[in-house]
Amino acid sequence: MPAPEETVSSVSTPSKVIPITPVATSMYVAEAKVYPRAVSGRFANWRWIMVALTQAFFYGMPWLQWQGRQALLFDLDAGRFYVLGLVLYPQDFIYLAALLVIAALGLFFFTALAGRLWCGYACPQTVYTEMFMWLERHTEGDRQARMRLDRAPWGAEKLARKSAKHASWVALALVTGFSFVGYFTPIRALGSSLLQLGLSPWEWFWVLFYAGATYGNAGWLREQMCKYICPYARFQSALIDADSLIITYDEKRGEPRGSRARKVAALDLGQGDCVDCTLCVQVCPTGIDIRKGLQNECIGCAACIDVCDQVMDKLGAPRGLIRYATENGVKQQWTPRQMLARALRPRVLIYGSVLLALCIGFATSLWRRPDFQVDVLKDRNTLARQVENGAIENVYRLQLMNRTERPLTLHIEVDGLDGLYRVGPAEVVLPPAAIHAQVLQLRLPAEQAARLGSGSRPIHFRLEGQGGRGSRVDSSASFYLPR
């Protein structure tokens with residue numbers, strides 16, 4: 001029987017190549033432009049009060065005169081810094097360091113106590129953004145008008161309004177840049193040079209640079225500075241806790257949300273007090289919804305509190321749906337007194353005590369600061385030399401610094417070695433706010449030098465001024481005796 005025939009069927013099907021289209025993935029998500037709505041109320045008034053106070057200081061302080069010169073001037077060329085009646089030198093850097101420590105600790109204290117108060121009311125970014133938005137509203141209108149203007153095609157009206165806005169922004173930025181440079185160059189002389197277009201290259205650079213930074217930050221970046229560039233939003237979470245006063249939304253009272261007529265009570269509809277009008281979002285300068293809880297982007301400006309209180313007034317509901325409170329206070333429905341008692345907790349009291357102690361120490365140090373400073377430098381070219389009658393002479397250079405704006409007459413005394421005497425004048429006159437170098441020779445009789453032998457011996461300089469506080473300064477040095 002023949003074997004069954006095996007049939008192998010082989011079908012070759014060509015594979016179909018499906019083209020793959022690459023998809024571009026953006027690593028940057030563009031955010032919608034924020035159009036903050038104008039708001040009025042008690043916290044808005046406080047913000048404008050802070051704008052007025054801070055800018056009155058910034059723009060006005062360079063023009064204030066003190067005893068014939070600018071009251072606040074950082075003269076980098078001369079190496080002198082004038083702060084009212086104080087004259088500071090680069091050697092007084094310790095005061096700047098202490099001031100920075102006080103500022104940092106103050107930031108910790110106020111953040112632990114009440115969140116981002118600095119950001120909401122006094123930060124330069126907030127202040128200048130508020131000023132730029134005021135100019136924007138007066139040239140382009142409020143929120144809805146600005147949105148319509150941006151959507152409209154370019155025409156004569158849009159060009160005119162945009163040009164007016166940017167012209168006012170540039171003008172304010174240039175005044176700001178000029179005022180900034182006025183802290184480093186006497187502003188009256190700076191103004192005269194500007195009228196003649198005679199500013200130095202560096203003065204032109206810093207005026208335009210600071211003006212450009214103001215224009216860019218307050219006009220264009222705005223909330224982006226607070227949300228992405230400023231590091232304060234990132235570490236504030238480490239400084240606050242559940243007992244810090246922050247802007248909060250009372251979820252128990254506000255939910256569930258729903259619109260209703262003014263004369264209809266929320267309980268009758270089974271709703272909360274929030275009517276979901278979104279005005280709290282519209283007035284927020286960073287465009288967040290506070291009803292989602294505390295967020296890094298919240299700068300604590302309280303604009304949402306003002307507008308929510310206005311809505312509650314219209315509805316006949318009590319204020320405080322959005323309010324300054326603590327996280328524990330909202331959950332436990334505490335009274336303001338109870339929240340304040342918990343806000344003054346040990347952490348805050350420690351911050352406050354240390355801050356107060358540093359402020360007192362800083363003020364005391366400035367008050368007791370000597371009228372002059374002396375640095376005794378040994379002449380290194382000649383450690384010692386023998387002069388007439390075998391006496392040993394050492395030469396010193398006294399670097400004297402007058403910290404006042406009046407002439408000082410200093411009397412110089414030296415002690416520490418028996419028989420040591422001075423060659424040269426016993427007094428030196430320091431001009432006002434000047435640095436003066438005085439060469440001083442000290443001699444030790446031969447018999448005294450022979451009795452002491454070779455080596456270095458400690459001596460003390462005592463300089464006394466005529467009157468004034470801190471009119472005595474002591475300094476140590478050494479007298480070298482050769483072999």
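Predicted model: local features only at pLDDT ≥ 70, side-chain atom pairs only at ≥ 80, totals over all residues.

Q: Which elements each supply at least two residues to the lining of the second largest pocket?
A: Those elements are α1 (42-60), α4 and α8 (201-221). A pocket is an open set of points on a 1 Å grid over the protein atoms alone, with protein on both sides within 12 Å along at least five of seven lines, and its lining residues have an atom within 4 Å of a point. Helices (H or I, at least four residues) and strands (E, at least two) are DSSP runs numbered from the N terminus.

Q: How do α1 and α4 pack?
A: Their axes come within 10 Å and cross at roughly 105 degrees; axes are lines fitted to C-alpha atoms, for helices over the stretch in contact, and angles run from 0 to 180 degrees between N-to-C directions. The two helices α1 and α4 are therefore roughly perpendicular to each other. The cut-offs are under 35 degrees for roughly parallel, over 145 for roughly antiparallel, 65 to 115 for roughly perpendicular, and oblique for the rest.

Q: Which residues make that contact?
A: From α1 they are Arg47, Trp48, Val51, Thr54, Gln55, Phe58 and Tyr59, and from α4 they are Val127, Tyr128, Glu130, Met131 and Trp134. Contact means heavy atoms within 4.5 Å. By class, the contact of α1 with α4 has 8 nonpolar, 2 polar and 2 charged residues. Gln55 and Phe58 of α1 and Tyr128 of α4 take part in this contact and are also among the residues nearest the centre of the second largest pocket.

Q: What about α4 and α5?
A: Helix α4 (residues 124-140) and helix α5 (residues 143-151) pack at about 70 degrees, with 9 Å between their axes. They are therefore roughly perpendicular to each other. Glu136, Arg137 and Glu140 of α4 meet Ala145, Arg146 and Leu149 of α5, which by class amounts to 2 nonpolar, no polar and 4 charged residues.

Q: And α1 with α13?
A: The axes of α1 and α13 lie 7 Å apart at an angle of about 145 degrees. Arg42, Phe43, Ala44 and Arg47 of α1 contact Ala303, Ile305, Asp306 and Asp309 of α13. The classes here are 4 nonpolar, no polar and 4 charged.

Q: New topic: what lines the largest pocket?
A: It has 38 lining residues, of which Phe74, Leu96, Leu99, Leu100 and Ala103 are the closest to its centre. Helix α2 (residues 93-114) contributes the largest share, 10 residues. The lining is made up of 33 nonpolar, 3 polar and 2 charged residues, and the largest pocket contains about 1200 Å³ of space.

Q: How many cavities of 30 Å³ or more are there?
A: There are 3; in a cavity, a 1.4 Å probe fits but cannot get out. The largest cavity has a volume of about 100 Å³. Of its 15 lining residues, Cys274, Cys277, Cys280, Cys308 and Leu321 are the closest to its centre. Helix α13 gives the most to this lining, with 4 residues, and by class the lining has 12 nonpolar, 1 polar and 2 charged residues.

Q: Which peptide bond is cis?
A: The bond from Glu255 to Pro256 is cis, with omega near -5 degrees. Pro256 sits in the loop between α11 (251-254) and α12.

Note on methods
Residues numbered from 1 in each chain as written. Heavy atoms only, no water. Nonpolar A, V, L, I, M, F, W, Y, C, P; charged D, E, K, R; others polar. Points joined across faces, edges and corners; volume = space filled by probe spheres on them.
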